[in-house]
Amino acid sequence: MVDTQLHSALAESPARLARMLSTRTLQHFAEEARLDGESLREAVDRYDIDYAWHVLGASRTHDAAVAGLEARLQRTLTEQERNQVAGALKSTAAMLEPDLLMSFDNDVAQHVTELMADAWDAAPSATSPATDLT
């Protein structure tokens with residue numbers, strides 16, 4: 001029963017995370033840059049922009065999410081838990097349109113921490129997650 005609750009909560013995490021992300025199309029981002037009086041290249045460099053799927057798949061995004069979870073849980077994540085974080089990020093990236101952009105300067109790690117810690121907390125008798133999201 002606990003395993004089923006945990007799996008269900010983790011399976012919902014990518015869709016919930018996708019709704020929380022701040023993404024822009026290239027056209028929207030270019031318009032914002034124009035209104036700010038800067039070139040697209042200047043804006044991309046200043047905001048550290050890349051495709052959302054790339055940002056979500058980057059090791060620095062994963063590492064920040066793991067660090068956030070470890071701080072909240074006050075322990076080191078297991079390899080299985082780290083894989084679940086990677087799976088959630090990968091699944092979220094797969095849900096997004098491939099041309100969406102986002103900044104590396106984002107709150108993805110905070111959202112992942114909240115969603116996954118809540119999912120793990122929803123399984124009260126589980127001391128460690130036993131279900132792989134991928």
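As for cover, E31 is partly exposed at 34% relative accessibility, while R34 counts as exposed at 53%. Keep in mind this is a predicted model.

Now, zooming out. The protein chain has seven helices and two strands, and from the N terminus the order goes α-α-α-β-α-α-α-β-α. Of its 134 residues, 38% count as buried. If you take contacts between residues at least 6 apart in sequence, 80% of them join residues at least 24 apart. The accessible surface is about 7,500 Å², and carbon and sulfur atoms account for 51% of that.

Back to the charged pairs. How many salt bridges does the count come to? Seven. Another one of them joins E38 and R46, at 2.6 Å N to O. Here E38 is buried, at 15% relative accessibility, and R46 is partly exposed at 48%.

Then there's D118 with R72, where the closest N and O atoms are 3.1 Å apart. D118 lies in helix α7 and R72 in helix α5, residues 59–73, so this pair ties together parts 46 residues apart in sequence. Both ends are partly exposed: D118 at 36%, R72 at 38%.

Last stop, Q110, also in helix α7, which covers residues 108–121. Q110 is partly exposed at 47% relative accessibility.

Methods: Residues numbered from 1 in each chain as written. Predicted model: local features only at pLDDT ≥ 70, side-chain atom pairs only at ≥ 80, totals over all residues. Heavy atoms only, no water. Helix = DSSP H or I, 4+ residues; strand = E, 2+ residues; numbered from the N terminus. Buried < 20%, exposed > 50% of the residue type's maximum accessible area, 1.4 Å probe, protein only. Contact = heavy atoms within 4.5 Å. Areas by Shrake-Rupley, 256 points an atom, 1.4 Å probe, with all protein chains shown as cover. Salt bridge = Lys/Arg side-chain N within 4 Å of Asp/Glu carboxyl O.
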